[in-house]
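Come along while I look things up, one entry at a time.

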Amino acid sequence: MSATFDKVADIIAETCDIPRENIKPESHAINDLEIDSLDFLDIAFAIDKTFGIKLPLEQWTQEVNDGKATTDQYFVLNNLSEQIDKLIAAKGA
Amino acid sequence: MRFEYFQMIDRIVALDLPARSVRSVGLVPKSSTIFEGHFPNYPLMPGAFLLECMAQTAGWLLIALNGFKAMPFMAGVKDAKFRSAVFPGDALEFEGRVVHEGSGYAVGEVKGRRDVKVVCNAQIIFTIMPFPSEEFRRALFEWAERLEVPVKELAR
């Protein structure tokens with residue numbers, strides 16, 4: 001498990017009052033953890049602040065709506081953590 | 001303030017886009033049917049209305065920041081506090097700033113004051129959505145002009 005995943009899981013546990021042990025790398029934020037779009041705004045805010053990035057939620061939503069991506073690519077937590085790592089790397093580049 | 005139109009601030013008195021800050025003023029009306037219920041023989045500005053004053057103040061700043069291209073809708077409130085009773089005829093000033101602009105959402109913090117005393121404060125999260133129609137956008141332009149927002153300079 002990556003350090004990024006651990007931080008994301010802590011954020012979700014705190015923001016959504018979900019037991020930390022129920023949050024796993026393979027958990028899907030929407031389908032498994034039942035996080036709705038409003039709660040995800042709070043999570044996005046905490047992630048943006050913690051990592052100093054801007055999660056491109058509008059772009060991801062558009063890609064999913066257009067059938068160019070699946071929600072798994074962005075909302076399964078190990079995938080989300082990889083996306084965050086990429087955004088951090090892009091920021092430092 | 002015009003409660004019946006939910007126009008909760010009277011004027012934007014300062015708008016600083018680089019600093020992401022805004023100040024607005026609003027005069028609580030001396031009489032309103034609202035005060036007949038809130039409360040009988042003890043008229044008080046409802047806290048829910050103070051929250052809307054704060055949301056509209058931050059909302060105008062967000063609209064200005066996006067060049068009148070999209071509308072912020074209040075989606076969540078944290079740490080809202082109503083610290084002092086507000087009465088008919090009170091002159092209020094609201095001071096807001098945008099603390100984070102995310103993708104499709106933004107977070108603002110606003111304080112309301114009567115003279116120097118803080119009477120309310122809150123952190124408000126907004127979703128930012130396209131205007132539902134061109135008519136809506138035009139109506140918002142007219143509303144902004146009444147508040148003395150420099151619409152022509154800001155609209156992109």
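**Before starting.** I take the expected span of a helix as 1.5 Å times one less than its number of residues. Helices (H or I, at least four residues) and strands (E, at least two) are DSSP runs, numbered from the N terminus. I keep in mind that this is a predicted model, where local features need pLDDT of at least 70, side-chain atom pairs count only at pLDDT 80 or more, and totals for chains, interfaces and linings use all residues. Residues are numbered from 1 along each chain as its sequence is written, while chains are lettered from A and ligands numbered from 1 in the order in which they are written.

**Entry 1: a helix in chain B.** I looked up helix α2 of chain B, residues 47-65. Its 19 residues should span 27 Å at 1.5 Å a residue, and its end C-alpha atoms are 27 Å apart, so the two agree. Next I asked how many of the 19 residues of α2(B) are buried. I found 16, so to speak a mostly covered helix. A residue is buried if 20 or more other C-beta atoms lie within 10 Å of its own, exposed if 12 or fewer, and partly exposed in between, with C-beta atoms placed from the backbone. After α2(B) comes B:Gly67, and its phi is positive, near 70°.

**Entry 2: a lysine in a loop.** I found B:Lys30 in the loop between β2 (21-27) and α1 (34-37) of chain B. Is B:Lys30 buried or exposed? It is exposed, because 11 other C-beta atoms lie within 10 Å. Leaving aside neighbours within four places in sequence, I see B:Lys30 in contact (C-beta atoms, placed from the backbone, within 7 Å) with B:Pro88 and B:Gly89. From B:Lys30 to B:Lys81 I noted 51 residues in sequence and 23 Å in space, C-alpha to C-alpha.

**Entry 3: chain A as a whole.** I listed 5 helices and 0 strands for chain A. Its radius of gyration, taken over C-alpha atoms, is 12 Å, close to the 12 Å that the globule rule (2.2 Å times the number of residues to the power 0.38) gives for 93 residues, so chain A is as compact as a globular protein of that length. Buried residues make up 26% of the 93.

**Entry 4: where the chains meet.** I noted 12 residues from chain A and 10 residues from chain B in the contact. On the side of chain A that touches chain B, α2(A) gives the largest share, 7 residues.

Terms used: Contact = placed C-beta atoms within 7 Å.
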